[in-house]
Amino acid sequence: MHLTLFSDYGLRVAIYLACHPEQTVSADEISRAFGISRHHVVKVVQTLTNLGVVEAQRGRGGGMRLAMRPSEINVGWLIRRTEPHFDLVECFDPV
């Protein structure tokens, strides 16, 4: 099974935030930590925020943190929400 980079980055962001629970983390910090573009990090964070996984504050002094305890995040659920067409076999395709 191959995941998209978007899902990979989503997992990385969640893991990074879980490892830094006592602070807000910037997109730049995550970008530098993983060597990925800030633009990609921002897109992933927007999705994770819409899913309720991440809380984000914009502007000076802003940043992000997990909106839930790490133990409450189901990896399978997160992957299904970040993969656009995650059909393991053709019969799961609703079309």
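Helix axes are lines fitted to C-alpha atoms over the stretch in contact, and the angles between N-to-C directions run from 0 to 180 degrees. Helices (H or I, at least four residues) and strands (E, at least two) are DSSP runs, numbered from the N terminus. The model discussed here is predicted, with local features requiring pLDDT of at least 70 and side-chain atom pairs counted only at pLDDT 80 or more, whereas totals for chains, interfaces and linings use all residues. Residues are numbered from 1 along each chain as its sequence is written, and side-chain values use heavy atoms, with hydrogens and water left out.

The description begins with helix α2 (residues 27-34) and helix α3 (residues 38-50), whose axes come within 9 Å and cross at roughly 120°. That angle makes α2 oblique to α3; angles under 35 degrees count as roughly parallel, over 145 as roughly antiparallel, 65 to 115 as roughly perpendicular and the rest as oblique. The crossing of α2 with α3 is right-handed, a term that applies if the near helix is turned clockwise from the far one by less than a right angle. Contact here means heavy atoms within 4.5 Å. On the α2 side, Ala27, Asp28, Ile30 and Ser31 meet Arg38, Val41 and Val42 of α3. Four of the residues in this contact are nonpolar, one is polar and two are charged; Ala, Val, Leu, Ile, Met, Phe, Trp, Tyr, Cys and Pro count as nonpolar, Asp, Glu, Lys and Arg as charged, and the others, Gly among them, as polar.

An α-helix has 3.6 residues a turn, so residues three or four places apart point the same way. After α2 comes glycine 35, with a positive phi near 65°.

Phe6, Ser7, Gly10, Leu11 and Ala14 in α1 meet Val75, Leu78, Ile79 and Thr82 in α4. This contact comprises six nonpolar, three polar and no charged residues.
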